[in-house]
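This report describes a single protein chain for a reader who has its sequence and model at hand. Please look at both before reading on.

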Amino acid sequence: MKKFNKTFDWRFWIWMPILGVLLPYILNKTALTVNFKIIVSLFIVNMLFSVLTGMFLRKTGSNWALLLVWPIVYLVSIWLQINSAFYGYYLAILYLIIEFFAFTSGQEEELDFEKQIPVDGGFREV
């Protein structure tokens with residue numbers, strides 16, 4: 001139950017609809033240029049959030065299937081026509097790839113050598 005509470009911490013998961021749906025909606029209502037909206041919202045903020053999502057899920061020991069939640073939340077904004085479908089589907093795939101890389105990076109450093117069972121009493125000098 002502790003792992004469940006750690007994985008589904010509302011303070012982290014509440015940022016998905018905010019960054020995926022609400023931020024693009026607010027930026028569409030402002031008088032900013034389209035290029036600025038795309039660069040700030042879709043590339044800088046959402047890609048950093050994708051990295052943080054992958055690292056958070058790895059840190060909490062979550063199932064890899066939860067990596068699909070953030071791209072699906074972003075796809076909802078495309079289906080609601082807040083973001084353009086012209087590039088939105090490609091960005092959702094890119095967010096998934098970035099999350100996957102962040103989720104799997106550093107796992108070679110997390111091996112527990114102390115918990116491994118030695119073979120035949122361990123290594124000995126020949």
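The text below goes from the overall fold to the core, the aromatic rings and the surface.

**Basis of the report**

This is a predicted model, in which local features need pLDDT of at least 70 and side-chain atom pairs count only at pLDDT 80 or more, while totals for chains, interfaces and linings use all residues. Residues are numbered from 1 along each chain as its sequence is written, and side-chain values use heavy atoms, with hydrogens and water left out.

**Overall fold**

The protein chain has 6 helices and 0 strands, and from the N terminus on its elements run α-α-α-α-α-α. Helices (H or I, at least four residues) and strands (E, at least two) are DSSP runs, numbered from the N terminus. Of the 126 residues of the protein chain, 34% count as buried; buried means under 20% relative accessible area, exposed means over 50%, and partly exposed lies in between (1.4 Å probe, protein chains only). A contact means heavy atoms within 4.5 Å. Among contacts in the protein chain between residues at least 6 apart in sequence, 75% join residues at least 24 apart.

**The nonpolar core**

A nonpolar core is a set of buried Ala, Val, Leu, Ile, Met, Phe, Trp, Tyr and Cys residues joined through side-chain atoms within 4.5 Å. The largest such core has 22 residues, of which M16, L57, W70, Y74 and Y95 touch the most other members. Helices α2 (10-13), α3, α4, α5 (69-79) and α6 (85-104) each supply at least two residues of this core, and its largest share, 6 residues, comes from α4.

With residues up to four places away in sequence not counted, L57 touches W13, S62, L66, L67 and F103. T53 has its place in helix α4 (residues 34-60) and counts as buried, at 0% relative accessibility. Again without residues up to four places away in sequence, T53 touches F12, M16 and E99. In α5, the buried residues are W70, P71, V73, Y74, L75, S77 and I78, and they pack against α3, α4 and α6.

**Aromatic rings**

Rings of Phe, Tyr and Trp (its six-membered ring) pair if their centres lie within 6.5 Å; planes under 30 degrees apart count as stacked, over 60 as edge-to-face and the rest as tilted. By this rule the count comes to 4 aromatic pairs, and two of these pairs are set out here.

| Pair | Distance between ring centres | Angle between planes | Class |
|---|---|---|---|
| F49 and W70 | 4.9 Å | 75° | edge-to-face |
| F100 and F101 | 6.4 Å | 45° | tilted |

F49 lies in helix α4 and W70 in helix α5, so the pair ties together parts that are 21 residues apart in sequence. Both F49 and W70 are buried, whereas F100 is partly exposed, with a relative accessible area of 43%, and F101 is exposed, with a relative accessible area of 55%. Ring pairs also link F49, W70, Y74 and Y95 into a cluster.

**The surface**

The protein chain exposes about 9000 Å², of which carbon and sulfur atoms supply 70%; accessible areas come from the Shrake-Rupley method with a 1.4 Å probe, and for residues only the protein chains shown count as cover. On this surface W10, I14, W15, I18, L22, Y25 and I26 form a nonpolar patch with about 710 Å² of accessible area together. Patches are made of residues with over 30% relative accessible area and no salt bridge, with like charges joined within 9 Å and nonpolar side chains (Val, Leu, Ile, Met, Phe, Trp, Tyr) within 5 Å. A salt bridge is a side-chain nitrogen of Lys or Arg within 4 Å of a carboxyl oxygen of Asp or Glu. The largest share of the patch, 5 residues, comes from helix α3 (residues 15-29).

Y25 has its place in helix α3 and is partly exposed, with a relative accessible area of 42%. Q81 and Y25 are 56 residues apart in sequence and 9.5 Å apart in space, C-alpha to C-alpha. Q81 lies in the loop between α5 and α6 and is exposed, with a relative accessible area of 71%. The phi of Q81 is near 60°, a positive value in a residue other than glycine.
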